[in-house]
Amino acid sequence: MTDDRKAARLTPEELRSHQWYGTDGLRSFSHRARTRQLGYLPEEHLGKPVVAVLNTWSDINPCHSHLRDRAQAVKRGVWQAGGFPLEFPVSTLSETFQKPTPMLYRNLLAMETEELLRSYPVDGAVLLGGCDKSTPALLMGAASADLPTVFVPAGPMLPGHWRNEVLGSGTDMWKYWDERRAGLIGDCEMGELENGLARSAGHCMTMGTASTLTAAAEVLGVTLPGASSIPAVDSGHERMAAASGLRIVELVWQQRTLSQILTADAYEDAVATVLALGGSTNAVIHLIAMAGRSGIKLTLDDFDRIARTVPVLADLRPGGRYLMEDFHFAGGLPGFLGRLTDVLHLDRPTVAHTTLREQLDGAAVHNADVIRERTDPLAEEGGVAVLRGNLCPDGAVIKHIAAAPHLLRHTGPAVVFDDYQELQRTINDPALAITPDHVLVLRNAGPQGGPGMPEYGMLPIPDYLLKQGVRDMVRISDARMSGTSYGACVLHIAPESFVGGPLALVRTGDPITLDVGARLLRLDVDDEELERRRASWARPPARYGRGYGALYQEQITQADTGCDFAFLAREGEVPDPYAG
Ligand code: FES
Ligand code: MG
């Protein structure tokens with residue numbers, strides 16, 4: 001077995017933080033004096049790796065409410081290994097509470113992460129997060145800073161319960177809200193559901209965006225093996241946090257930077273894993289953006305190519321039946337990856353002292369209902385398909401495994417909503433006479449138009465159709481949808497309508513064809529007519545006159561390139577803060 005503990009090591013004088021603390025100059029003197037002010041003895045920190053513990057804990061974020069304690073466990077590990085931990089509170093992205101969408105702030109947390117790591121005396125970092133955008137945000141920033149880094153995933157919350165039912169957060173919220181709208185359950189049941197949907201700290205316990213991205217982090221090799229599925233409130237989660245603290249100190253001495261781990265092969269493996277998990281469509285955007293920060297061009301075509309080579313093997317909600325705790329005890333990600341060894345790049349480094357191959361050697365699956373055999377997949381191909389056609393020249397995505405099969409090849413007339421407010425106001429108006437065959441179209445919900453691509457993409461089905469028993473329809477938009485959502489929803493249409501993408505030209509009554517098998521999304525209107533409509537189209541006014549929103553709308557890139565800021569995604573040198 002590999003034993004990297006014999007690898008070449010830095011000397012204390014080669015630590016990045018030595019420039020702050022160890023030199024014979026006024027600035028070092030001042031930094032040492034200020035560290036005494038913090039109450040530390042010289043022997044507690046001088047010559048030791050300084051580890052920044054970036055914590056996204058906040059009172060408002062229920063998915064991260066245990067991270068204050070976990071940061072203590074990380075620090076315990078760092079001290080034990082001879083490092084010097086310093087906790088940095090960073091902004092929290094709460095999927096539930098932050099409006100219009102935490103996606104608007106993903107790049108802000110990425111910037112904060114990068115700049116904190118760069119500007120302070122930091123030798124290595126441990127990142128704590130898990131609620132949806134926090135994982136890509138922290139890793140994007142850390143990839144740009146390129147220090148040795150370990151990610152501590154927040155872990156899934158306990159399974160929800162209501163009466164004799166097991167509930168999935170998000171997924172069952174949508175489901176029972178629709179049951180209420182259909183008049184099938186009342187306020188008493190809703191009150192019980194309110195108490196039972198989310199029973200503990202931790203991120204959503206379906207294979208939603210949070211579980212998808214933390215699994216991606218694990219297969220990328222930036223968490224300890226098996227870390228991503230440990231339930232947030234399991235004592236094993238605290239032990240994993242402590243072990244991450246122990247490990248980061250060694251990674252600093254070895255100068256195992258993130259760029260050595262986040263390679264093109266690692267990103268290919270993350271794509272394959274996300275698709276085989278039947279993971280969230282949001283992962284498409286986030287992985288493209290993360291890869292961009294690693295200097296790797298990942299495209300929608302890569303997703304489509306890899307999707308055709310991997311089956312869906314995880315029977316997890318919203319596409320399947322089980323929850324993350326079941327997945328954990330079925331073998332977790334190591335057990336799951338053990339089923340995919342033929343498609344993975346096994347000889348690449350991770351933050352552990354072993355390669356992926358050694359980690360998966362002996363990985364077992366203990367429940368073949370939750371993690372299927374290759375001979376018994378849930379779907380022959382990966383769970384997300386990339387669509388092309390005249391309605392989405394730069395692509396769109398659909399999570400076809402979470403859609404009603406009869407809708408995967410469908411032509412129907414469009415019903416167009418110009419924005420989310422109009423949709424909410426009019427969707428239940430019988431005058432629209434919407435039938436199950438109609439295609440619901442929402443525009444101005446993209447990166448600039450939303451702004452921030454809110455998760456509006458699972459457009460509501462009209463009440464009167466729900467009461468008739470309709471539970472799925474074809475819906476298309478330039479929005480995203482929650483990783484816990486489901487339905488025949490075409491998402492991430494690029495370019496978005498707000499910047500003049502063809503979605504802007506659709507009119508109510510136009511026939512639209514979706515054919516997932518042919519990877520096609522087509523507006524059945526001839527080109528001359530579309531040109532006439534384009535001539536009379538005007539770009540809507542900018543939504544923000546000033547502030548972060550204005551920066552966002554000026555810099556945000558389209559969904560197919562990951563929605564990073566152009567000035568963050570581009571190549572260019574950044575000077576060492578101590579070079580001056
Ligand atoms: Fe935080 Fe779902 S709300 S992960
Ligand atoms: Mg979400």
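Analyst: Here is the overall picture, then the strand and its neighbours, then a helix pair for contrast.

This is a predicted model, so local features need pLDDT of at least 70 and side-chain atom pairs count only at pLDDT 80 or more, while totals for chains, interfaces and linings use all residues. Residues are numbered from 1 along each chain as its sequence is written, with chains lettered from A and ligands numbered from 1 in the order in which they are written.

The protein has 22 helices and 14 strands (DSSP runs numbered from the N terminus: H or I of at least four residues for helices, E of at least two for strands). Along the principal axes, the C-alpha trace spans about 75 × 55 × 45 Å. Buried residues account for 54% of the 580 (buried is 20 or more other C-beta atoms within 10 Å of a residue's own, exposed 12 or fewer, partly exposed in between, with C-beta atoms placed from the backbone).

UniProt, in an unreviewed entry, lists a "Dihydroxy-acid/6-phosphogluconate dehydratase C-terminal" domain at residues 369–563 (positions use the numbering here, names are shortened, and annotations may be inferred rather than shown by experiment). That span is 15% helix and 18% strand, with its end C-alpha atoms 36 Å apart.

Now the strand itself: β11 covers residues 474–477. In a regular strand, side chains alternate between the two faces of the sheet. Both faces of β11 are covered here: V474 and I476 on one side are buried, and so are R475 and S477 on the other. Strand β10 (residues 439–442) runs parallel to β11, joined by four bridges (strands pair if DSSP finds at least two bridges between them). There, L440 has R475 as its bridge partner.

For contrast, take helices α6 (residues 134–145) and α9 (residues 209–220): they pack at about 35°, axes 8 Å apart (axes are lines fitted to C-alpha atoms over the stretch in contact, angles running from 0 to 180 degrees between N-to-C directions). T135, P136 and L139 of α6 meet L213, T214 and A217 of α9 (contact puts C-beta atoms, placed from the backbone, within 7 Å).

Conventions. Two residues are in contact if their C-beta atoms, placed from the backbone, lie within 7 Å.
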